[in-house]
Amino acid sequence: MDIKGFIENFSAQFEDTDASVFNAETKFRELDEWSSLTALSILAMIDEEYDIQLSPAEMRTTNTIQELFDLVSSKEE
Amino acid sequence: MEIEIQVVTYDDVKRGVIVNGDNHNFYKEGFEMKRKKVLLNNPNLSDDSFSAAYLVRAEAEVVGALFPFPTRIKVGEEIIDAASASSLNVLKEYEKHAAGADLVLAPIRDKRNKGVVLADLSEDGLNCYQAFRFKDFALPKMIQPRSSKFLLQNFGIKGFSLSALSCIINVLLKPFISISLYRLRNFAKRFNVVRLDVVPSWVDDMVLKDGHKYMEVHDHRWLQWCLDNTFSSENFHHKSFYAIYDNNERAIGFFLNYEKTTSIPYRHIFDLRQGTIMEWGSYDESKLSELDITKIAISYFSKDLAMCQFATTNKVVLNKMKSYGFIHHNYHHIVFKDNTKMLKDCGDSNLWRLRFGYADSLF
């Protein structure tokens, strides 16, 4: 599991936001496209790609993609 | 913002638990007397610790809700416990905080549910479940308009134009529908069709042994529950179960029709009387096919409906019913999530026994 692949998977869940917007420090909750739907898409992506089940509450403790990546990584071990 | 999920169990519901902070009446409306009676009568409710409501709270206030109920899914020879649900609602201003995600995930993350199945979803609800990669089975919906009025309303026509156009089109439409119904009733006369108030137990074999690997379990107990209960507060709503017998009085099939009024306020359509074929089954489709049952079931709807409908993936039925005035209009979505991650082929719609009357569609 690497941050580069995670960012690619993360950005693929957004339809209207340009991929160049996404990097490790992106505060995803501040994006215009952020909603329940994108949150669900990302939780589903993490479940299917990394076999990690995050709750929305856990996700809400993170602000940047790096923080979310770290949370998923910590559960993988 | 602190967002949390409150779980209300069926035991809480029976004990009349009071939900504080329900300022928008999510819980109150979800468990008003009629709905409460339906949900407590569920034959699959074998354990009162099952979740009856997931409430999303933000700053102590209820800002969204989902009302799950237990159902069962047949997988091969095994029957697994699953959840269904109705009325996913979240206040608009909390969508940005992903409050809807908590509700969609709640029945999935409940370990006792090996699957989650839903139907009859709003557009927003469908988007949520698609986002979480539920398997989505979209059954083409066929409607037979028996009056042109609601079709014209659907296109935004109202007032005098609506009345005038409706009259003109009905002059052509009504005779065509009358001829179609005459043909269908003549066809139905070949069979002995009997309306029953009690769903017979022979239905179980017809449903559960129909050859499909996957299905929501619609046995006689489940069908009886659907037949006897409703969420609707409208005056006009009734469900009818019919058994089909051959000349030797052997049961060869069944169907369940549902007639009710519906309204689509944003289209200015009110009190539309519609009939839907919700369920059907046949012992031997080479002797009594889906097309046969569809034709019979349509002929058994009331005469005063504004439209009737069914949904199927069977191409023969879709094509043949066009000659009786049916047109393809939209899709009926059924979504399924495999919580076990073991059902690798569960996304193949050909392996499913799919019917309009899934989940809470019959209420």
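1. Read from one end of the sequence to the other, chain A goes α-α-α-α. That is four helices and zero strands, where helices (H or I, at least four residues) and strands (E, at least two) are DSSP runs numbered from the N terminus. Please keep in mind that this is a predicted model, in which local features need pLDDT of at least 70 and side-chain atom pairs count only at pLDDT 80 or more, while totals for chains, interfaces and linings use all residues. Residues are numbered from 1 along each chain as its sequence is written, and chains are lettered from A and ligands numbered from 1 in the order in which they are written.

2. On confidence, the model scores ipTM 0.84 and pTM 0.91. Chain B averages a pLDDT of 92, and 100% of the residues score at least 70; pLDDT is the predictor's confidence in each residue, from 0 to 100.

3. Back to the dimensions of chain A. Its C-alpha trace spans about 30 × 25 × 20 Å along the principal axes. The radius of gyration of chain A is 11 Å, which agrees with the value near 11 Å that a compact globule of 77 residues would have. This radius is taken over C-alpha atoms, and the globule rule is 2.2 Å times the number of residues to the power 0.38.

4. Within chain A, 23% of the 77 residues are buried. Here a residue is buried if 20 or more other C-beta atoms lie within 10 Å of its own, exposed if 12 or fewer, and partly exposed in between, with C-beta atoms placed from the backbone. Of the chain A contacts with a separation of 6 or more, 53% link residues 24 or more positions apart. Two residues are in contact if their C-beta atoms, placed from the backbone, lie within 7 Å.

5. How do the two chains meet? Chain B brings 16 residues to the contact and chain A brings 14 residues. On the chain B side, α4 (99-109) and α5 (123-131) each supply at least two residues. The biggest giver on that side is α4(B), with seven residues.

6. Chain B is divided into domain 1 (3-113) and domain 2 (140-353), with bounds that come from an automatic or database domain assignment. The C-alpha centres of these two domains of chain B lie 29 Å apart. Where they touch, 16 residues of domain 1 are in contact with 16 residues of domain 2. On the domain 1 side, α3 (33-40) and β3 of chain B each supply at least two residues, and β3(B) gives the most, with five residues.

7. I would look at the largest nonpolar core next. A nonpolar core is a set of buried Ala, Val, Leu, Ile, Met, Phe, Trp, Tyr and Cys residues joined through C-beta atoms within 7 Å. Among its 112 residues, those touching the most other members are Leu40(A), Leu43(A), Ala65(B), Val117(B), Leu118(B), Phe132(B) and Phe255(B). Strand β3 (residues 61-75) of chain B provides the largest share, eight residues. Domain 1 (3-113) and domain 2 (140-353) of chain B both give residues to this core, so it lies between them. Ala65(B) touches, among others, Phe26(B), Tyr27(B), Tyr54(B) and Leu55(B), leaving aside residues up to four places away in sequence.

8. Strand β12 (residues 307-311) of chain B is mostly covered, with five of its five residues buried. Met307(B), Gln309(B) and Ala311(B) are buried on one side of β12(B), and Cys308(B) and Phe310(B) on the other. Strand β6 (residues 135-145) of chain B runs antiparallel to β12(B), joined by five bridges, whereas β11 (residues 269-282) of chain B runs parallel to β12(B), joined by three bridges. Strands count as paired if DSSP finds at least two bridges between them. In β12(B), Met307(B) is the bridge partner of Pro145(B) and also of Gln274(B).

9. Ala60(B) has a positive phi of about 70° although it is not a glycine, and lies in the loop between β2 (51-58) and β3 of chain B. With 9 C-beta neighbours inside 10 Å, Ala60(B) counts as exposed. Ala359(B), also not a glycine, has a positive phi of about 55° and is found in the segment after β14 (352-353) of chain B. Ala359(B) is buried, with 23 other C-beta atoms within 10 Å.
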